[in-house]
Amino acid sequence: MNFAGSFAVEPSSSPVSAEERGRMLEDPGFGRVFTDHMATLRYSEGQGWHGAAITARRPIAMQTTSSVLHYAQEIFEGLKAYRRPGGGAALFRPRDNARRLQSSARRMAMPELPEELFLDSVRALVRTERDWIPDGPEGALYLRPFMFASESFLGVRPAGEYLYAVVASAVGAYFKGDAPAVTLWVTRDYVRAAPGGTGAAKCGGNYAASLVAQAEAIRNGCDQVVFLDAIERRWVEELGGMNIFFVFDDGTILTPPLGGTILPGITRDSLLQLARDRGLNVVEEPYSIDQWRADAQSGRLSEAFACGTAAVVTPIGAVKSADGGFTIGGQAAGPLTSRLRTALVEIQRGDAPDPHGWIEQVC
Ligand code: PLP
Ligand code: COI
């Protein structure tokens, strides 16, 4: 046994062979190929955080009465480790994920995992699984830290015991297919988040509630669902698993403001910074679905894109809803979308300098 920060490493006794791993990494897709190990850490009211370990990835034994199964106290994160040009691996803004997990925990009445323990857990797992990072321009090791209420208790109150874990998945592009841009479905029937709700937290329940709307999107031939605000059903908020940006013909870039109903995306924040660095006019303002349609039709809106850890920067080519649809620009990545995407990806992959200190080399 050795120690990686606070995490004791017990290597798997039956890891996937190098040959088999090579085959699995050829075309990993997204979220299907899992690595050999996982990080785990427990919390109890009496003991605090304890038992930090990297072990073989295996099923977790739990009680049928574990409160997460009944009241859904569960939160998660998503971040990527990238292979470095000279070897080794680096994480992108991991401290921001640690802080967002803490803010999700506060909203869900869960204990806050100290930042350093979060960082130790992801660093230790990446060091253990560095051979699982796929090659290729979209290849990365997607890390999924998550935490749930493990106490066996059926009263409705915050649990006194939690399990925190990190698993890793070798990934390629999130959207499969060769289309140059994705198509979105604007749902009129469902909302993702209301003021005072959990929209700004990365909790599993938000995604459970989005699935029926995402299924509606797929039925209508679209890739992702767009949610409007819960009160007026008018303002564009975000997609099921991504934030959204609009680019206008005068070079202005707009994204909906954070205000409790939208996930504060780390990719969103990075792109806002990169756009400001380039002297672009950037606004965080509400944008209505009717204005979106009018601007797309008049040509005032030249580009739109989705962004997130999984999606990176994905151009939006068309939008559909129950009242009809419209297309955006040339239905492919526009020049500003491409410029911002390249700037972000080059920093993430170590192909450009990192002026904001976003990169943490871990091995
Ligand atoms: N919005 C939602 C609902 C998401 O699930 C995600 C993905 O994590 C994002 C936005 C983008 O966040 P980030 O850029 O931190 O990955
Ligand atoms: C991420 O981008 O990390 C997410 O959690 C979004 C999901 C669509 C995979």
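**Core.** I started with the largest nonpolar core of this predicted model. I count 53 residues in that core, and Phe118, Leu143 and Tyr164 touch the most other members. Next I looked up where its residues come from: strand 10 (residues 161-171) gives the largest share, eight residues. Then I checked the domains. Domain 1 (2-171) and domain 2 (182-348) both contribute residues, so this core lies between them.

**Phe118.** Which residues does Phe118 touch, leaving out those up to four places away in sequence? I found Glu77, Leu79, Pro94, Asn97, Ala98, Leu101, Leu113, Pro145 and Tyr164.

**Second core.** I also found a second, separate core, this one of 28 residues. Its members include Ala90, Ala343, Leu344 and Val345.

I then went through the phi angles, since most residues other than glycine have a negative phi. Ala109 has a positive one, about 55 degrees, although it isn't a glycine. I located Ala109 in the loop between helix 3 (94-107) and helix 4 (115-128).

Gln331 is another non-glycine with a positive phi, near 55 degrees. I placed Gln331 in the loop between strand 19 (324-327) and helix 8 (335-348).

How values were computed. Residues numbered from 1 in each chain as written. Chains lettered and ligands numbered in written order. Predicted model: local features only at pLDDT ≥ 70, side-chain atom pairs only at ≥ 80, totals over all residues. Heavy atoms only, no water. Helix = DSSP H or I, 4+ residues; strand = E, 2+ residues; numbered from the N terminus. Core = buried A, V, L, I, M, F, W, Y, C linked by side-chain atoms within 4.5 Å. Buried < 20%, exposed > 50% of the residue type's maximum accessible area, 1.4 Å probe, protein only. Domains from an automatic or database assignment. Contact = heavy atoms within 4.5 Å.
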